[in-house]
Amino acid sequence: MLCIVLGVWLFAQTPIRFEAVDPARLSAAATFANAWADFDGDGDLDLFVGLNGTPNRLYRNDKGTLNDVAGKVGVADARATRAAAWGDADADGDPDLLVGFTPGAGSVLKLYRNDRGAFADVTADAGLAVDAGAVRQLAWVDFDSDNDLDLFVAFRDRPNALFRSENGKLTDIAPSIGLADKRRTVGAVWFDYDEDGDLDLYVANMDGDANGLFRNDKGKFTDVAADAGAAGLGREPGVAANGTVRPCAVDVNKDGHLDLVGANYGPIGLLLNRGGKFEDVSKAWTIAIDGRYDTCAPADVDNDGNIDLYVNGTVTGGQSYRDYLLRNTGKAFEDATPDALRPLNADHGAAWADFDDDGDLDLALTGTGTDVMPLLFRNLLPPELSKRSIFVRVIDGHGRATMPGAEVRVYATTQGARTLLGTRLVDSGSGYNTQDAAPVHFGLPTLEPIEIEATWPANGRRVTPLSRIVSPQISRVVTVVVMK
């Protein structure tokens with residue numbers, strides 16, 4: 001017990017600090033999307049950055065040094081980019097890349113198949129050629145638990161799409177299952193909100209439209225947002241100037257249930273999950289800061305076990321709204337924005353990853369303005385704290401990362417008793433119009449052995465294989481296999 005108490009005291013006294021990483025090379029203006037994945041299979045996470053009309057970038061990570069190889073591997077499109085998502089679309093064991101462009105000549109979606117670290121355009125072959133649409137959130141997810149990744153696409157100006165994968169082809173079935181929502185959708189996240197064994201969909205809408213919570217009932221979807229208390233996510237629906245840009249599903253209070261956080265045009269929102277119904281605690285948790293926000297990016301920044309939040313302020317109506325890094329105290333959020341992040345303007349994409357393999361999470365950002373902004377910031381958590389962490393990769397029985405929407409829980413075990421340390425959702429659409437393919441991260445109170453448990457919502461069953469006892473001192477990255 002002494003170690004845990006001491007650990008908490010150290011966390012509380014440690015300021016959060018970041019520094020820009022190699023800003024002479026890792027900087028750009030007019031960037032919109034970013035996403036992490038180990039595309040070359042060398043054990044570290046690489047970074048894709050989508051720009052606004054100049055060639056997109058793919059930074060290969062070589063032991064903490066990032067070099068742009070987009071032109072070499074075939075993903076340096078110069079078309080204005082608005083979204084990116086990594087996922088194993090062809091189920092061959094490596095992450096493929098989907099990019100969403102602004103409307104223009106050719107499809108607004110482009111799927112690059114990853115073939116041993118080189119990429120080929122397979123958009124037409126996959127059935128993803130879409131001529132028009134304001135693409136926003138892309139989410140790879142196996143919504144029907146048939147062992148391949150389907151694709152959800154949120155459009156701001158046309159009905160949303162759900163492309164079911166069958167024998168390597170993707171077909172939009174949204175109209176037939178209740179997901180062709182015509183509201184102005186910009187964000188989405190998949191998770192089993194009611195814990196009934198299937199993946200549900202929360203969509204964030206703009207321009208006053210209420211948000212949607214689509215409950216999955218045997219593959220058919222019904223919007224239950226109003227009944228569940230989730231239509232506003234902290235802002236008032238029906239007010240044309242308000243909206244939700246980014247929803248995040250996170251276990252804020254460590255009770256094992258996934259809550260909802262909203263980056264809004266309006267106050268930031270927090271809804272606690274009370275067993276499938278949601279309670280608005282935005283004001284009680286001191287998170288209801290009024291402004292204009294695009295990004296909700298959850299992460300345990302200080303490795304104290306609590307999920308913190310990065311929310312960006314955007315530029316709209318001639319006003320620039322500031323960013324916040326909000327530290328979770330366990331009962332409320334407090335402003336802990338470090339000096340290196342305070343002056344940033346108009347950043348959109350926010351994506352966390354431990355790019356330098358030191359145990360804490362670093363922050364990748366994009367900025368929509370004309371000012372050049374650093375693309376990557378290193379977390380300067382002291383080594384005695386950064387090493388108190390573990391990363392969990394969830395794969396299916398074939399060794400593939402086809403598990404977005406899976407839940408991971410970590411427990412402390414003392415004399416046969418289990419204490420929940422935290423719950424994480426395998427990424428199914430986070431940051432800003434992005435999806436990472438990265439292990440989930442947990443900060444730990446000590447380096448004592450822990451128990452890891454993964455759950456997959458599968459057609460009305462919640463599949464949880466036998467949990468594993470692991471030692472963070474021996475291995476920082478753990479792989480858990482879940483049979484669908």
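Modeller: Buried means under 20% relative accessible area. By that cut-off C248 is buried, and so is C296. Please keep in mind that this is a predicted model.

Biologist: What do C248 and C296 form?

Modeller: They form a disulfide, with the sulfur atoms 2.3 Å apart. The link joins distant parts of the chain, since C248 lies in strand 19 (residues 243-250) and C296 in strand 23 (residues 290-299), 48 residues apart.

Biologist: And how many disulfides does a search of the whole structure find?

Modeller: The search finds one disulfide.

Biologist: Let us stay by strand 23. Where is N303?

Modeller: N303 is placed in the loop between strand 23 and strand 24 (308-313).

Biologist: Is N303 buried or exposed, and why?

Modeller: N303 has a relative accessible area of 0%, so it counts as buried. A polar atom of the N303 side chain lies 3.2 Å from the backbone oxygen of S386.

Biologist: Changing topic: which strand holds T185?

Modeller: T185 is found in strand 15, which covers residues 185-191. T185 is buried because its relative accessible area is 0%.

Biologist: What is T185 in contact with, leaving aside neighbours within four places in sequence?

Modeller: The contacts of T185 are R136, A154, F155, R156, N160, V203, A204 and N205. With N160 there is also a polar contact of 3.0 Å between the side chains.

Biologist: How far apart are T185 and L421?

Modeller: In space they are 34 Å apart, C-alpha to C-alpha, and in sequence 236 residues apart.

Biologist: On to the packing. How many residues does the largest nonpolar core have?

Modeller: The largest nonpolar core has 40 residues, and F152, L162, L179, W190, V394 and I452 are those with the most contacts inside it. Strand 38 (residues 450-458) gives the most to this core, namely five residues.

Biologist: How many aromatic pairs does the structure hold?

Modeller: It holds 11 aromatic pairs. One of them is formed by W190 and F221, which are edge-to-face at 5.9 Å centre to centre, with 85° between the planes.

Biologist: Which parts does that pair tie together?

Modeller: W190 lies in strand 15 and F221 in strand 18 (residues 220-223), so the pair ties together parts that are 31 residues apart in sequence.

Biologist: Last one: which residues do ring pairs link into a cluster?

Modeller: The ring pairs link F39, W86, Y112 and F119 into a cluster.

Methods:
Residues numbered from 1 in each chain as written. Predicted model: local features only at pLDDT ≥ 70, side-chain atom pairs only at ≥ 80, totals over all residues. Heavy atoms only, no water. Helix = DSSP H or I, 4+ residues; strand = E, 2+ residues; numbered from the N terminus. Buried < 20%, exposed > 50% of the residue type's maximum accessible area, 1.4 Å probe, protein only. Contact = heavy atoms within 4.5 Å. Polar contact = N/O pair within 3.5 Å; in protein donor to acceptor, adjacent residues only side chain to side chain. Core = buried A, V, L, I, M, F, W, Y, C linked by side-chain atoms within 4.5 Å. Phe/Tyr/Trp six-rings, centres within 6.5 Å; stacked < 30°, edge-to-face > 60°. Disulfide = S-S within 2.5 Å.
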